Number of protein chains: 4
Amino acid sequence: MAGSSYGNFFQITTWGESHGKGLGVVVDGCPAGLSLCEEDIQKFLDRRKPGQNRFSTPRKEDDTVEILSGIFEGKTTGTPISMLVYNKTQRSADYSEIAQYYRPGHADYTFDMKYGFRDYRGGGRSSGRETIGRVAAGAIASKILDQLGIRLTSYTRSIGPVEISPEHFDISQINQNLLNMPDSQAAQKASDYLDECRKSGDSSGGVVECIVEHMIPGLGDPVFEKLSSNLAKSMFSIGAVKSFELGDGLAASRAKGSENNDTFVRTADGIQKSTNHSGGTLGGISDGSDLIFRVGIKPTPSISVPQKTVTRSGEELEVQVKGRHDPVIVPRAVVVVESMAAITLVNALFSNMYSTMDGVTRFYR
Amino acid sequence: MAGSSYGNFFQITTWGESHGKGLGVVVDGCPAGLSLCEEDIQKFLDRRKPGQNRFSTPRKEDDTVEILSGIFEGKTTGTPISMLVYNKTQRSADYSEIAQYYRPGHADYTFDMKYGFRDYRGGGRSSGRETIGRVAAGAIASKILDQLGIRLTSYTRSIGPVEISPEHFDISQINQNLLNMPDSQAAQKASDYLDECRKSGDSSGGVVECIVEHMIPGLGDPVFEKLSSNLAKSMFSIGAVKSFELGDGLAASRAKGSENNDTFVRTADGIQKSTNHSGGTLGGISDGSDLIFRVGIKPTPSISVPQKTVTRSGEELEVQVKGRHDPVIVPRAVVVVESMAAITLVNALFSNMYSTMDGVTRFYR
Amino acid sequence: MAGSSYGNFFQITTWGESHGKGLGVVVDGCPAGLSLCEEDIQKFLDRRKPGQNRFSTPRKEDDTVEILSGIFEGKTTGTPISMLVYNKTQRSADYSEIAQYYRPGHADYTFDMKYGFRDYRGGGRSSGRETIGRVAAGAIASKILDQLGIRLTSYTRSIGPVEISPEHFDISQINQNLLNMPDSQAAQKASDYLDECRKSGDSSGGVVECIVEHMIPGLGDPVFEKLSSNLAKSMFSIGAVKSFELGDGLAASRAKGSENNDTFVRTADGIQKSTNHSGGTLGGISDGSDLIFRVGIKPTPSISVPQKTVTRSGEELEVQVKGRHDPVIVPRAVVVVESMAAITLVNALFSNMYSTMDGVTRFYR
Amino acid sequence: MAGSSYGNFFQITTWGESHGKGLGVVVDGCPAGLSLCEEDIQKFLDRRKPGQNRFSTPRKEDDTVEILSGIFEGKTTGTPISMLVYNKTQRSADYSEIAQYYRPGHADYTFDMKYGFRDYRGGGRSSGRETIGRVAAGAIASKILDQLGIRLTSYTRSIGPVEISPEHFDISQINQNLLNMPDSQAAQKASDYLDECRKSGDSSGGVVECIVEHMIPGLGDPVFEKLSSNLAKSMFSIGAVKSFELGDGLAASRAKGSENNDTFVRTADGIQKSTNHSGGTLGGISDGSDLIFRVGIKPTPSISVPQKTVTRSGEELEVQVKGRHDPVIVPRAVVVVESMAAITLVNALFSNMYSTMDGVTRFYR
């Protein structure tokens, strides 16, 4: 399997390595007539930009997107939208040392096992920079969802042991702190924790949470193309993700049916669930309530704490990964999670359009 | 998206409802020359059979599989293998009542929202019986893995609050207790807990764990077709799954890099990891160590505790789901988890065969 | 690639060999709410039934279809429709001889080359009986098209050197002669020609033509998923097909632009083409005029004329394929061509539904 | 369906319009370790370059390819190869007039019907320039085939009424004349014919033929993924193609079985066919003999002969398409046909690798 395409309807194909000429994405299956310009994309890309705070890598990355195709007179034409970000700095020399050994926690070893060799400059295709294409595509998917009134909100839920608290939850705080946490107190504690990590040359994991409001019920297909199933796949396709939970998630495994079932009630807006333990799907299909899911991210593997490892030829050595690296990637992953969710939702929306004969005949009448 | 097919290489297409004429699966892409008979399939199906213990539904289901195609003189021919299990008992009358209202925690409401109406007999396509096709296909996938020396072990890790303990972990116990737990003490406690649930008309969730030994490194493709990504998708395609964790999973989000990184060492068997926090993949590609993942399952939504809900027309009512239902589906899900894992692995194996030009030319020489 | 599935939206998966237990198809992606019963399918299957005239094989095949899933109270539910035809007569003994050698013109040799061995009974998967699943699925696709007013007409255009003439073309004749020709004089001549073939133990090829009226413009996607491209694929997937022409087809290669271009005119029904050299597509997308294409079919390879061939071990011998075989399969292929066209069109219809943002927002408003 | 991707294993995704910023392709699924540089690609692109002779458009197109990803130290890495050709001249002003009306024979009308509007500059996505991406990808596919000893030869078989003759067939002539014909006499006659067309402002169709030597038997899958079926699809995906024939093609429809069957013989090189009416496949799977197929191409629709048409609002008018256009595109299509054939073959090669259990276990041993 080629492996660089995602989505059967709104299909994205990403390409590029961290230290090649550039990175990009081709978005195929975007409906015609959507207003779209480079500024729409740039806004999303800027959310994943490093160098904005002291917890992210101080490397200078000036990621400016170019749209090369698929737009005419400010609107999408229905044909593939190719987007490109050139890599400005390609200091391959920095990476010559890591060509020799396998960095713990990185994909160096597995790329060698699979392909016989690897582009060792900065992680190649498993670099975080691969997400540039996803986020550019996510910006388009989000514009489509916006037209249908569907709204995504994503944020850092926890960093290491520091979690936001329900009492201090304040959505307006997300962009008020450097860690994208909707809780200013937690953000402060997490900031202190990260300072500590950084001082000891260590790093931290964390959890991103995403909420989708004003959902349309009926999205997702039974069995293998459940909305939940594709969300799980898309989230686990993001490097460093190690867990995925929908609704109550892991807690549901410990609950009783009487606690976990959401009862239905009649409201002014029609039938609704009184609670949302399910996180917005039943049988894998959206139930009209908010979609809520959490994505667990492991600590950045690049640390300056000395670690044991081996070279390609099996020689053991102790290494310290040089350079200044993010002690945490969680805040930068927030927009990636949101982008992959938006892309997954747009696919579910389009897939659902031929679910009933009534819908089809109404469309073509 | 049709949604009933899974796998791009070894493709399975399941069909059938719990109360229709039967259920089945078409397996397309199975290599020719694999010895296969109905007994191979039946052994797997019997592992998901209900009625074997007091915690599973006492309904009589005698699921006998027929292979209709794709086998000649005891071997697979390379063409589609169609397998069929007839439904013996189709007592639709039992289900007339639930046609009127939406059972909490079930997919009744979402199927109505998506399709305009539903086959209300026993959950239709969202019934647990849909997994018959997956397990039949999983039996074939497991035979393929077996030929390559790859071994899967699956079991119940927890039921409600009762979890197996590392100290008492004993793989030989899995088939010695009715709950498929590799810890006889935990199994006894869980059994007591389930008795309590059943008495109060309630149900319990739990966690299934799967370990894959003797893995081949290099399986899974970068970016969207990561092995981890497809495992997440396949597990979340199983009804009632609400969480998925790989390796340390959620705990990795709370860890530091120095704790979570697995260092490489040289062993008599070549380069290996000294620990396995990653759960067997790096960059989404298998690293040769054991694959370890956990699947969280919500409590069975069918409970006899009175619950509030509404009818299709929005009338509120209180219901008690009748009939004897499983207070827990976790032990029966064990073989489903194992089957979906096996199918996912076989796809990754076949996908990997053209990863290098050397491999291709060696194959065709 | 598994290879037994066709269609990304309305997906069919066929299975079964001519001499196994049975043959069938799973149709996934059929919208909910379509009235459907076994009689709808049987009517189509009866059109491909042999033994109806002296030009088709006198073997008794009583192909009775069973619908096993996907229908509830007379309507499709949106879930997979599994259909099954049991093989009544499995006289494998008849085929023991051909296990030893490669029949000229058949797929015996290539199946051995690909899979190492083959199910030699009656052609296995390359038998004409494989089309049972396609025709059963085509019956459903045709019902969907019918609801949108789209009508397909298919017929035998030529048999060997005998072609229908434009002067005597009479659509009402298609079902009035045993060869499904819309020209009674040509049918008589072709009948005489086939008698001659049969007497000499020989067989004949021919051409099937299909016309689709009341087309919706805009179907098919640019580049690789052109409507024309998928028609070509679907037709060439039918065994024995050796040529495919759209509109003027091969003649267009000899024409000048001024002869081949269709000019646009304004009519009471809107903009239309004044001629239809293109056969109903421009740039691979339907242009609203009738779709017209022709499918060339080679002569049946099973002949009783003595032929030279070799055994699996390379021993040369002369063979006469025994048994009574069709001297022509063209009339029986008519319904197969129509079925594959209908399935292709339904896929194009569903694919087109998200082509514009206007269409999407209108659908979900 | 997005529609701009082709191939399930070696997948290409093309993008770009004739008058946008550029055009390109992402090739995903290319094995690692193939030597590849821009010069390899440029050689193929130069074969489709216009302006080389008086029969092709005199517009200046200097198509220089850049490889943006997927190559490291001169070898493919197994990750996506992104290739880009910038459009040098974007004189959109030239095209302002054709924005108003529908050019006969072009896709203007169908794009408007599908998408509501179109990028009217030079045909947008249905321009012949879209094939740049295919040819760039075809150069890579050809390098892979070359490593396995498979050789493709393509040429112009006919232009208008002028066809090459078997007696004068000389493969060394293909690159000796401007029309890529392997027959110098036919090339002269065709040249005269085209001069005549050009003088009258008209254009001509023609036929491209492709031969693949040293084929590996067993390529292609039964039923829907036949090698023949995918060749048909890939050829019909090329704009202006109206017919496709394999082996004897249309002539097979007129033949008798005794004439059309290829008998098997034993040779020093093993079992072979004594003739090749089938064109290299049996049951859609390669039989080891040469693959031979023909692709019929319609005359260029852009002619300066006055033609009637209508505007978008339905106003009738007479138009003469201005500018100097190719009176024939057939010679330039030769490399496109070869490229799509190569891509199709590489997909069949990779797909075939897991056809037998023996092959799989041998690979992973």
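Here are a few questions and answers about this predicted model.

Me: What kind of axis relates chain C and chain D?
Reply: Happy to walk through it! Chain C can be laid on chain D with an RMSD of 0.0 Å, using a turn of 180° and a shift of 0.0 Å along the axis. That relation means the axis is a two-fold axis.

Me: Which residue of chain C comes closest to the rotation axis?
Reply: Two copies of a chain are related by a rotation about an axis and a shift along it. Going by C-alpha position, the residue of chain C that comes closest to that axis, at 2.3 Å, is C:K233.

Me: Which strands are the edge strands of the open sheet in chain D?
Reply: The open sheet has 5 strands with antiparallel pairing, in the order β1-β2-β3-β7-β4 of chain D. An edge strand pairs on one side only, and in chain D these are β1 (5-6) and β4 (65-67).

Me: Which residue is the bridge partner of D:L23 in β7(D)?
Reply: Let's find the strands. In β7(D), the partner of D:L23 is D:V85.

Me: Which residue in the turn between β17(B) and β18(B) has a positive phi?
Reply: Strands β17 (residues 307-310) and β18 (residues 316-319) of chain B pair in the antiparallel sense over 4 bridges. Within this pair, B:K308 stands opposite B:E318. The two strands form a hairpin with 5 residues between them, and the turn residue with a positive phi, of about 95°, is B:G314.

Terms used: Residues numbered from 1 in each chain as written. Chains lettered and ligands numbered in written order. Predicted model: local features only at pLDDT ≥ 70, side-chain atom pairs only at ≥ 80, totals over all residues. Heavy atoms only, no water. Least-squares fit on C-alpha atoms with pLDDT ≥ 70 in both. Pairing = 2+ DSSP bridges.
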